[in-house]
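Q: I have not looked at this structure before. Could you show me how to read its main features, one at a time?

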Amino acid sequence: MAKQSKILKATEQSVDLDAEFRESNIREVLDKLDRELIGLKPVKTRIHEIAALLLVDRVRKQLGLSAGAPSLHMCFTGNPGTGKTTVASRMSEILHRLGYVREGHLVSVTRDDLVGQYIGHTAPKTKEVIKRAMGGVLFIDEAYYLYKPENERDYGAESIEILLQTMENNRDDLVVILAGYKDRMDKFFQSNPGMRSRIAHHIDFPDYGVDELVAIAKLMLAAQNYRFSPDGEKAFVEYIRLRMTLEYFANARSVRNALDRARLRQANRLFTGGKKALTSIDLMTIEAEDIKASRVFLEGKPDTATGPA
Amino acid sequence: MTNAGNRLTQGQFSFLPPLTDKQISAQIKYALNKGWAIGIEYTDDPHPRDTYWEMYGNPMFDLKDPAGILMEINNCRKTFPNHYIRVTAFNSARGFESPTMSYIVNRPEKEPGFGLIRRETAGRNIQYSIHSYATDKPEGERY
């Protein structure tokens with residue numbers, strides 16, 4: 001009887017979803033996400049969905065229709081430099097704005113921070129990290145390193161055990177985000193089926209296209225008060241096209257490294273050029289020759305042949 | 001020392017009814033906002049001069065949210081249901097470098113209280129001391 005009257009009451013009441021949306025300032029965060037992150041369509045769609053769900057949940061709670069907190073543990077997979085870490089830090093802000101996490105800080109860890117060196121060392125270490133992350137987001141980068149099947153005495157499994165337990169029991173207190181390369185994460189989940197089933201959102205980060213990478217480069221330059229000359233931009237498009245076919249290509253990270261080297265060359269050009277009076281435009285502009293000097297053009301090799309560049 | 005209800009009254013809030021978990025969280029939150037490190041301690045020797053209680057785990061630094069500490073408190077309660085457990089906040093700022101908050105979050109079911117011991121010394125002077133009835137029994141069997 002009581003329940004019936006409650007539902008009846010709920011149907012009579014109404015709430016303004018728009019007002020709730022405005023109040024949460026979530027639009028600002030989502031717009032910032034759209035503006036500052038180029039491409040990543042599936043990621044943005046999923047984040048919008050999560051935001052909508054949490055907002056609707058909040059409104060439902062006002063009408064007494066509780067459904068229990070949704071599980072928001074996530075797994076980000078994708079190639080190097082596709083923005084997994086960047087999105088994770090945004091995620092904590094979004095979840096905080098929506099009132100899902102209380103503090104909204106991001107604790108970023110890798111295997112070293114979770115797994116101990118001797119028996120009995122792992123549990124306190126993992127627990128300490130978990131306690132630090134409570135009220136916020138725990139981001140585990142390269143999570144597949146936690147599990148090393150070739151060594152059965154590895155302590156990683158113990159750490160996974162504790163993580164699973166907290167992911168289940170302290171769902172209101174923290175959100176766990178795992179990140180790693182797709183194939184390795186798949187292998188990781190195969191050997192840890194419990195982990196897979198406890199993660200509600202598996203988000204795959206696609207590789208960037210040439211246009212997107214150039215747009216990213218422009219954003220990066222703008223943030224450092226640089227810009228391409230028209231020729232410079234053309235040269236950079238060509239550079240990206242060539243670079244993508246070479247080994248160790250790491251999407252946005254390669255772009256950043258290429259820009260850092262272009263800045264070096266620009267500085268050198270200005271220094272040796274002998275032009276005495278430099279204007280601010282000279283100091284800001286990356287010319288085609290700064291980019292054309294790369295080994296990608298000259299020898300068809302990445303600039304640093306020894307590692308990812 | 002003892003009061004009317006035989007309850008141990010050491011530290012903050014000890015004359016109030018026991019704090020609820022929500023109230024404990026709020027107190028922890030206050031300490032965390034001040035940047036104090038929080039430790040959980042337990043003992044079964046409640047003598048007021050027994051200042052160094054056993055630590056339950058390490059002191060917790062750099063935390064943002066009380067949930068983790070509350071989890072540890074509950075673990076400690078599960079391990080030592082009949083001990084005194086207190087939460088201590090340590091202020092490391094120069095000039096303080098000492099605990100700035102301390103309150104009991106768990107106490108034994110029955111607290112027998114303290115007895116007053118009078119000892120006559122030279123010249124019929126009397127020295128007073130107090131003695132916890134609980135400590136007549138060996139450690140671990142006191143409550």
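Q: In which order do the 5 strands of the open sheet in chain A stand, and is their pairing parallel or antiparallel?

A: Strands of a sheet pair through backbone hydrogen bonds, and the pairing can be parallel or antiparallel. This is a predicted model, and in its chain A the 5 strands form an open sheet with the order S2-S3-S4-S1-S5 and parallel pairing. At the edges are strand S2 (106–109) and strand S5 (201–205) of chain A, each pairing on one side only. Neighbouring strands of this sheet are turned against each other by 20° on average, with direction ignored.

Q: How many bridges join S3 to S4 in chain A?

A: Strand S3 (residues 137–140) and strand S4 (residues 175–180) of chain A run parallel and are joined by 4 bridges. To see the pair in the model, find A:Phe139, which stands opposite A:Ile177 in S4(A).

Q: How many residues of chain A are in contact with chain B?

A: The size of an interface is often given as the accessible area lost when the parts come together. Here the description is by residue contacts: 11 residues of chain A are in contact with 7 residues of chain B.

Q: Which elements does chain B have, and in what order do they run?

A: Chain B has 2 helices and 6 strands. Read from the N terminus, its elements run α-β-β-α-β-β-β-β. The C-alpha atoms of chain B fill a box of roughly 60 × 35 × 25 Å along the principal axes. Of the 143 residues in chain B, 23% are buried. Among the contacts in chain B with a separation of 6 or more, 52% are between residues 24 or more positions apart.

Q: Which residues of H1(B) are buried?

A: An α-helix has 3.6 residues a turn, so residues three or four places apart point the same way. Helix H1 of chain B (residues 21–33) has 13 residues and reaches 18 Å from its first C-alpha to its last, close to the 18 Å expected at 1.5 Å a residue. In H1(B), the residues B:Gln27, B:Ile28, B:Ala31 and B:Leu32 are buried. Seen down the axis of H1(B), the buried residues fall within an arc of 140°, so they line one face of the helix. On the other side of H1(B), B:Lys22, B:Ala26 and B:Asn33 are exposed.

Q: What covers the buried residues of H1(B), and what follows the helix?

A: The cover includes strand S1 (37–43), helix H2 (67–79), strand S3 (84–91) and strand S4 (98–106) of chain B. H1(B) is followed by B:Gly35, which has a positive phi, near 80°.

Q: Which strands stand at the edges of the sheet in chain B?

A: In chain B, 4 strands form an open sheet in the order S2-S1-S3-S4, with antiparallel pairing. Strand S2 (54–55) and S4 of chain B stand at the edges with a single partner strand each, so one side of each has no neighbour in the sheet. S1(B) and S2(B) run antiparallel and are joined by 2 bridges; the bridge partner of B:Tyr42 in S2(B) is B:Glu54.

How values were computed
Residues numbered from 1 in each chain as written. Chains lettered and ligands numbered in written order. Predicted model: local features only at pLDDT ≥ 70, side-chain atom pairs only at ≥ 80, totals over all residues. Pairing = 2+ DSSP bridges. Axes fitted to C-alpha atoms, helices over the stretch in contact; angles between N-to-C directions. Contact = placed C-beta atoms within 7 Å. Expected span 1.5 Å × (residues − 1). Buried ≥ 20, exposed ≤ 12 C-beta atoms within 10 Å, placed from the backbone. Arc of directions from axis to C-beta.
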